Amino acid sequence: MPTQAPSYSLVRAALIGLVSCLFAAMLPAQASDEAPRPLLAATYGELCTTCDAYLLCEPTTSSAMDARLLHVHKHTFWGQIGTIWTWLRHLFQPVRPDTRHLTVYQPSDDGRWAVESEARVTLDLRTLRIQFPAGWIDRNDGGWHDLLDQRIGVCRPVGPEVSSGESP
Amino acid sequence: MNDIAASQASSVDPLRWASFRTHPMRSLGIVLVLFNRWVFGLFYIFAAINKFRGGYLFTDKLRATLQARVPELPPDSFAVTYIESFIIPLYVPISWLIAWGELAAGVGLLLGLCTRWAAAFALFFIVNFAIGGFYDASLIVLGAIAVLFIVTPSGRWMGLDRRLHARYPGSIWFR
């Protein structure tokens, strides 16, 4: 009575594949020293999909601009699901910009914050910029720039409570 | 009854045109499940490689990651308790479990080897990521996909489980 041939070749192929994966994984290990993280970046890349972030941008003394408070929103439910596709794209193009909803606040007459505009903001780890319609922020030093690339102030992360407090 | 259905389904060879002609919807479903399984397996393998390259095994990367995450979470949430009282004190064995476990799950899903167990392992990680403070809606989809590979005999449709189940029909590992 014939018996089924053992699938040694398949098992061997599986083991070779496994060992290959391990070598591929081990080779270029990163140094454990952490470089300073760019503004609004997380450990694994961009700001986490469920995180809101606030940036208080204050003008330099020579600038005629008022301060602005930027609220970078978390991704929507479907936007979070879409990150699976984003993650797969990262396999082929490691750094891709992340676009989110943005609310810009400006100081109001009563000394609080009032919504100035709603827009889209692009977080980009390749150019190290946070780009929005009225300008951009350098993610290395928080430098706030206008559309003419003039540095007009500096931005820093703040807590969400700032949006309900008094403006500077 | 379920065994008969599983046996019938596993007898369909998705790469044969005859199967598509006689059972078009079933064959299409099988191909879709298999495609998802391969993508999901690659997803886990690359996630594991990121862990290895990121120094998960021999540095305190996991602890640093979680310590950075805690301030972003509601202080009274279960995730904070879970991270501070369980994961951070045991970050060394958990780092190893995550890196090697993701690799095992990925390889199992890609090759169709111990497929249901690999999918269960993947689901275990997804649940732990969610309760460990890294929940987002994409985990719902990833969890549903993992369940798909637990309930279907996809490793016997195409994978090493097909041969191994034939050789060891009583084994729970290759069902």
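Colleague: What makes chain B a helical chain, and how many helices and strands does it have?
Modeller: Chain B has ten helices and zero strands. From the N terminus on, its elements run α-α-α-α-α-α-α-α-α-α. This is a predicted model. The C-alpha trace of chain B spans about 55 × 30 × 30 Å along its principal axes.

Colleague: And what is the secondary structure of chain A?
Modeller: Chain A comes to three helices and ten strands. The order from the N terminus is α-β-β-β-β-α-α-β-β-β-β-β-β.

Colleague: What share of the residues counts as buried in chain A, and what share in chain B?
Modeller: In chain A, 35% of the 168 residues count as buried. In chain B, 48% of the 175 residues do. The cut-off for buried is under 20% relative accessible area.

Colleague: Why is B:Phe40 called buried?
Modeller: B:Phe40 has a relative accessible area of 3%. Buried means under 20%. So B:Phe40 is buried. The residue lies in helix 3 of chain B, residues 24-53. B:Phe40 and B:Phe129 are 89 residues apart in sequence and 16 Å apart in space, C-alpha to C-alpha.

Colleague: How do you know that B:Glu102 and B:Lys51 form a salt bridge?
Modeller: Their N to O distance is 3.2 Å. The limit is 4 Å between a side-chain nitrogen of Lys or Arg and a carboxyl oxygen of Asp or Glu. The pair therefore counts as a salt bridge.

Colleague: What does that pair tie together?
Modeller: B:Glu102 lies in helix 6 of chain B, residues 91-111, and B:Lys51 in helix 3, so the pair ties together parts that are 51 residues apart in sequence.

Colleague: Are the two partners buried or exposed?
Modeller: B:Glu102 has a relative accessible area of 2%, so it is buried. B:Lys51 stands at 12% and also counts as buried. The cut-off is under 20%.

Colleague: Why can such side chains pair at all?
Modeller: Side chains of opposite charge can pair when their charged atoms come close. The structure holds nine salt bridges over all chains.

Colleague: What makes A:Asp141 and A:Arg151 one of them?
Modeller: Their closest N and O atoms are 3.1 Å apart. The limit is 4 Å. The pair links distant parts of the chain, ten residues apart. A:Asp141 sits in the loop between strand 8 (135-138) and strand 9 (143-145) of chain A, and A:Arg151 in strand 10.

Colleague: Why are A:Asp141 and A:Arg151 called partly exposed?
Modeller: A:Asp141 has a relative accessible area of 41%. A:Arg151 has 44%. Exposed needs over 50%, and buried needs under 20%. So A:Asp141 is partly exposed, and so is A:Arg151.

Colleague: What about B:Asp60 and B:Arg63?
Modeller: Their side chains meet in a salt bridge at 3.2 Å, N to O. B:Asp60 is at 35% relative accessible area and B:Arg63 at 28%, so each is partly exposed.

Colleague: What makes the phi of A:Asp149 worth a remark?
Modeller: Phi of A:Asp149 is near 65 degrees, a positive value in a residue other than glycine. A:Asp149 is found in the loop between strand 9 and strand 10 of chain A. Its relative accessible area is 47%, so A:Asp149 is partly exposed.

Colleague: Where does B:Cys114 lie, and what is its phi?
Modeller: B:Cys114 lies in the loop between helix 6 and helix 7 (115-134) of chain B. Its phi is positive, about 50 degrees, although B:Cys114 is not a glycine.

Colleague: Why is B:Cys114 not called buried?
Modeller: B:Cys114 has 21% relative accessibility. Buried means under 20%. So B:Cys114 counts as partly exposed.

Colleague: Which residues form the nonpolar surface patch?
Modeller: A:Phe77, A:Trp78, B:Tyr135 and B:Ile140 form the patch, with about 480 Å² of accessible area together. B:Ile140 is found in helix 8 of chain B, residues 138-151.

Colleague: What lines the second largest pocket?
Modeller: The lining has 26 residues, with A:Leu47, A:Cys51, A:Asp52, B:Arg69 and B:Glu72 nearest the centre of the pocket. The lining residues divide into 18 nonpolar, four polar and four charged. About 670 Å³ of space lies in this pocket.

Conventions. Residues numbered from 1 in each chain as written. Chains lettered and ligands numbered in written order. Predicted model: local features only at pLDDT ≥ 70, side-chain atom pairs only at ≥ 80, totals over all residues. Heavy atoms only, no water. Patch = residues over 30% accessible without salt bridge, like charges linked within 9 Å, V, L, I, M, F, W, Y side chains within 5 Å. Areas by Shrake-Rupley, 256 points an atom, 1.4 Å probe, with all protein chains shown as cover. Helix = DSSP H or I, 4+ residues; strand = E, 2+ residues; numbered from the N terminus. 1 Å grid on protein atoms, 1.4 Å probe; cavity = no way out; pocket = protein on both sides within 12 Å on 5 of 7 lines; lining within 4 Å. Points joined across faces, edges and corners; volume = space filled by probe spheres on them. Nonpolar A, V, L, I, M, F, W, Y, C, P; charged D, E, K, R; others polar. Buried < 20%, exposed > 50% of the residue type's maximum accessible area, 1.4 Å probe, protein only.
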